[in-house]
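This report describes a structural model, taking its chains, their contact and a few individual residues in turn. The sequence and the structure are shown first.

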Amino acid sequence: MAPRIMKQGTLTPWLYLLAALIIMLLFIVYPTIRTVALSLRDKTGAQSASVDCEPGEPCWGAFENYRYALTNPEMLQALRNNALWILLMVPGTVGAGLMFAVLTDRVRYERLAKTIIFLPMAISFVGAGVIWKFVYYLETGEGPQIGVLNAIITGLGGQPVAWLTNSNWIVNNVSLWIVGSWLWAGFCMTILSAALRAVPTEILEASRVDGANEWQVFWRIMFPLIMPTVTVVTTTMIINILKIFDIVFVMTNGLNGTEVIANRMFKFIVTNQGRSMAIAVLLITLTIPIMIYNVRRFRQQEEMR
Amino acid sequence: MSAEHLKRILGRIPLHVVIISMVVIWLVPTLGVFVTSFRSREAVRTSGWWTVLSKPPVPSQQEYATACASCHGADGKGVAAADLSDPEVVGEYTRTNRLLQMLRQEIDGQPHVDDPEWHDLIQDQSRTKEALEKLTAVSQHLGTLSGGGQAVDYGLTTANWVDALVGYKGTTTYQQDCATGVSESGKFKCDASDLLNPEGMARAFLNSLLVTVPATLLPILFAAFAAYAFAWLDFRGRTWMFALLVGLQIVPLQMTLVPIAKLYSRLGLESSFFGIWLFHTGFGLPYAIYLLRNFLGGLPQDLFESIYLDGANHWTAFWRLALPLSVPAIASLGIFQFLWVWNDLLVAIILLPGNPVLTYQITNLIDPRGGNWHLLTAAAFLSMAIPMLVFLVFQRYFVRGLLAGAVKG
């Protein structure tokens, strides 16, 4: 691909690459390997993790931290929640983004509407956490409800709801999913909207002339054509969700049944390094399939160039 | 207008309703925080932010005017025997039912209250609750008149922003404390140096800038060199190395934090800006190289051939051709990296605890009992102002960067 006209020494490319390669080796590759090694050590990294084994309890030897990561009830809760985020929140968000991309295409104030939906992408998860904590706020004392949601409910004559500290863990999780969707629907919308633009209008016109209604045009023609993009958006969202931390940390800190993997990892980062690292390894293991998928997709694209 | 045309317009109403309601739902949460950041602590606690444009929930002055002002006067001094601006007189009637009892009694054989509507209300035993509600307003106004009450100021104020900037966490406001000389245990000097208070958002803002600007520029610089090599130079391992880079893009941050933190503590780089710049550079590089290489590789080959034919070497080609042409891609990348670093919380907590950035400082402000919304909302908006501005101004580049395959860890 590179032009052969210009002579180049065998050393030249490496001079250009050197700084970037060293930094990446030092800050990504080396720590990743260290993390795996530390996951087999104890609280401080001084001894093998097997010292944490209690007599009479099940023990996985050097993999004791992994026993924790895979069998402890709070970890199981975190794994369950991450799975639910992926199974329920991701399709919801991608769906909302797609719906919005299709709908705004038909109105004149498209740009304004899209900018507003997209804007949460610019702010931090912490900022979003504050914004939504205020929406969900529950006044338990004597004052009026100053959170929008509970004000609406009490205004209609209902009882205020504990959106984030409910005894029903599903309520708390759904509240967090809504925050996530608010943040990411704009991301999905933007990418899907670009894909929709790329669908040739002749095909759409032709099927309309053949008598297909808008619903059929969307599901039979448009959707199959943008399917590759839907997959890309979905895999990106899955990665985002596997790593989800800030929202949960700020809004519930994993209490009341809302624990997630990354928050567990953070909780142990000082108190029990071995466990923390084992949880991190669990996290990267879960992302490996998507990593492989991304590399494959990249290879295919390169061949088509 | 033809019937056909009308039908089409009507048929589109549901579409508009759906879009507009979604836009409203997206805006309301942020709007609430924005409005709240301009309201006093008491106002936030006692009424929802959406009431800000309506009349104050208790129009105390008006109630007082109808019920009492005809005798007592607007300033409360109309009746010398019962001076309503005297805290001692008013102090006996802070509880509204005592006030009601008193108003029900006749004075010199005349009803206490002149206004016929008020008179009926006060004497009607079945409407006691309603009367008490109205008297709350009167009692509140009496409090204001006598100077002893806690009248709630429902007007808009910038005090929260000042409090957030200097990190004031007392019970009144920073400006009030400074004006009355009660600066919180000598913590504040009440001059510009308070802006550097380590607990304040102004200092955090500065820290965020100090972290973000170099952590945005460094990866772009290193990535540009590497991307040039990947796009226009031949070397062994080019293909697989680049494929590896695609994979590295999604390595979770959590995988690398602890070993780096340990390394830093050995090198004496704990809580150093230099350390966090390097970390963000390392983490930003895979995506940065990927994006720039795809852009550079897409430039026409003739361009490079002709500049080489003119006798340019790679160094000149890089600075004179590749870099100027990639400005759009660099802009996309810069915005991405800027927003990413500015909004980061996890890396900042672990690697820079001594110099809290905006996101970290906000988490320090969160009160589980919800008692400081006035402060928290202002702080949150301080942290969001810059990224929102960057986003709105450079939205086009942001979208381009996103479409070029943003999958970043």
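## Confidence and fold of chain A

Chain A of this predicted model has a mean pLDDT of 90, and 97% of its residues reach 70 or more.

Chain A holds 12 helices and 0 strands, so that the order of its elements from the N terminus on reads α-α-α-α-α-α-α-α-α-α-α-α. Chain A is more spread out than a compact globule, because its radius of gyration is 25 Å, well over the 19 Å that the globule rule gives for 305 residues. The C-alpha trace of chain A spans about 80 × 75 × 30 Å along its principal axes. Of the 305 residues of chain A, 41% count as buried, and among the contacts in chain A with a separation of 6 or more, 64% are between residues 24 or more positions apart.

## Domains and dimensions of chain B

Chain B is made up of 22 helices and 2 strands, and the chain is divided into domain 1 (60-146), domain 2 (159-192) and domain 3 (201-403). Taken over C-alpha atoms, the centres of domain 1 of chain B and domain 3 of chain B are separated by 65 Å.

The radius of gyration of chain B is 32 Å, whereas a compact globule of 409 residues would have one near 22 Å. Buried residues account for 42% of the 409 residues in chain B, and 72% of the contacts in chain B with a separation of 6 or more are between residues 24 or more positions apart.

## The contact between the chains

How many residues does each chain bring to the contact? Chain A provides 75 residues and chain B provides 79 residues. On the side of chain A that touches chain B, helix 1 (residues 12-38) of chain A gives the most, with 17 residues. Sorted by class, this side of chain A has 55 nonpolar, 15 polar and 5 charged residues.

Ile23(A) is found in helix 1 of chain A, and Ile23(A) counts as buried because 22 other C-beta atoms lie within 10 Å, where 20 or more are needed. Once its neighbours within four places in sequence are left aside, Ile23(A) is in contact with Phe222(B), Leu278(B), Thr281(B), Gly282(B) and Leu285(B).

## Nonpolar cores

The largest nonpolar core has 170 residues, of which Ala223(B), Ala226(B), Ile289(B) and Leu292(B) touch the most other members. Helix 12 (residues 201-232) of chain B supplies the largest share of this core, 17 residues. At least three residues of this core come from each of domain 2 (159-192) and domain 3 (201-403) of chain B. Apart from this core lies another, of 16 residues, among them Cys68(B), Val90(B), Val138(B) and Leu145(B).

Which residues does Ala226(B) contact, leaving aside its neighbours within four places in sequence? Ala226(B) is in contact with Tyr16(A), Leu17(A) and Ala20(A), and also with Ile289(B).

## Loop residues with positive phi

Most residues other than glycine have a negative phi. Asn256(A), although it is not a glycine, has a positive phi of about 55°. Asn256(A) is found in the loop between helix 10 (246-251) and helix 11 (261-271) of chain A, and with 17 other C-beta atoms within 10 Å, Asn256(A) is partly exposed.

In chain B, Ser271(B), a residue other than glycine, has a positive phi near 50°. Ser271(B) lies in the loop between helix 14 (257-267) and helix 15 (273-297) of chain B. Is Ser271(B) buried, exposed or partly exposed? Ser271(B) counts as partly exposed, because it has 14 C-beta neighbours inside 10 Å, and a residue is exposed at 12 or fewer and buried at 20 or more.

Definitions and conventions:
Residues numbered from 1 in each chain as written. Chains lettered and ligands numbered in written order. Predicted model: local features only at pLDDT ≥ 70, side-chain atom pairs only at ≥ 80, totals over all residues. Domains from an automatic or database assignment. Contact = placed C-beta atoms within 7 Å. Helix = DSSP H or I, 4+ residues; strand = E, 2+ residues; numbered from the N terminus. Nonpolar A, V, L, I, M, F, W, Y, C, P; charged D, E, K, R; others polar. Rg over C-alpha atoms; globule rule 2.2 N^0.38 Å. pLDDT = per-residue confidence, 0-100. Core = buried A, V, L, I, M, F, W, Y, C linked by C-beta atoms within 7 Å.
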